[in-house]
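Have the viewer open while you read.

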Amino acid sequence: MASSSFNFVHFLIYGLCFATLVSSSLENELKKPETPLGAINDAKFSNLTQSGKQYVGYNLYMSFIDFIEHCHKLGLQPANVLTKEENDVLTTYLDGNFADPKYFWLGGADIGREGRYYWIASLSEFTFTSWGPGYPNGGRDENCATIYGGDGSWYDQYCTNDGVQPLCQTIP
Ligand SMILES: *[C@@H]1O[C@H](CO)[C@@H](O)[C@H](O)[C@H]1NC(C)=O
Ligand SMILES: [Ca+2]
């Protein structure tokens, strides 16, 4: 009698310890420190634009939705290009620091409103553009914008294409 209640008390104590261990390791899992800004893959940043932001591209390949979340998780924004000066800074950076084919996602899409591209981070419509001749031309099939780092021209692309590199920016 004494022995079985002793065992029961042990059972309770072990159970409580186990539950505490599990819950504290779950808590550690949730409290993972945030990744420092852009700090993966030895990321190198572009020069500053006049508006005070820097672009950062990665030698990774992913779909548009994964790209948007990639930048967001790093505390950055998907890249937007608001002026010719920004496109020039960006193109110099991409051309000088990445190997071909260097197609990068821009943070813009015409999902939901065919033909009207907007920047994901601000929801504002494209004003400056640098579309390649004849682009965008993919209609309702191609709804996400890319930039070719070799010359700074833009192309619409299938948003699900997972062979495009992510391009983020610091928040100016
Ligand atoms: C910064 O600008 C200079 C002058 O245009 C250029 O030579 C250099 O490659 C740029 N640096 C980066 C990281 O793009
Ligand atoms: Ca489209």
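1. Strand E3 and strand E5 (residues 144-148) run antiparallel and share 4 bridges. Pairing here asks for at least two DSSP bridges between the strands, and helices (H or I, at least four residues) and strands (E, at least two) are DSSP runs numbered from the N terminus. Look at Ala109: its bridge partner in E5 is Cys144.

2. Some housekeeping: this is a predicted model, with local features needing pLDDT of at least 70, side-chain atom pairs counting only at pLDDT 80 or more, and totals for chains, interfaces and linings using all residues. Residues are numbered from 1 along each chain as its sequence is written, while chains are lettered from A and ligands numbered from 1 in the order in which they are written.

3. E3 also pairs with strand E4 (residues 118-119), again antiparallel, over 2 bridges. In that pairing, Gly108 sits opposite Trp119 of E4.

4. How many of the residues of E3 are buried? It is 7 of the 7 in residues 103-109, so the strand is largely enclosed by the rest of the structure. Buried means 20 or more other C-beta atoms within 10 Å of the residue's own, exposed means 12 or fewer, and partly exposed is in between, with C-beta atoms placed from the backbone. In a regular strand, side chains alternate between the two faces of the sheet. Here both faces are covered: one has Tyr103, Trp105, Gly107 and Ala109, the other Phe104, Leu106 and Gly108.

5. Helix H2 (residues 64-73) buries Phe64, Phe67, Ile68 and Cys71. These cover an arc of only 100° around the axis, which puts them on the same side of H2; the arc is taken over the directions from the helix axis to the C-beta atoms. They pack against strand E2 (77-78), E3, E5 and strand E7 (167-169), where contact means C-beta atoms, placed from the backbone, within 7 Å. Exposed Ile65 and Lys73 are on the face turned away from that buried side. After H2 comes Gly75, with a positive phi near 80°.

6. Helix H3 (residues 84-97) has Glu86, Val89, Leu90, Thr91, Tyr93 and Leu94 buried. Their cover includes strand E1 (55-57) and E3.

7. Finally, which residues are around ligand 1? They are Ser46, Asn47, Thr92, Tyr93 and Gly96, with the cut-off being a C-beta atom, placed from the backbone, within 6 Å.

Notes
Two residues are in contact if their C-beta atoms, placed from the backbone, lie within 7 Å.
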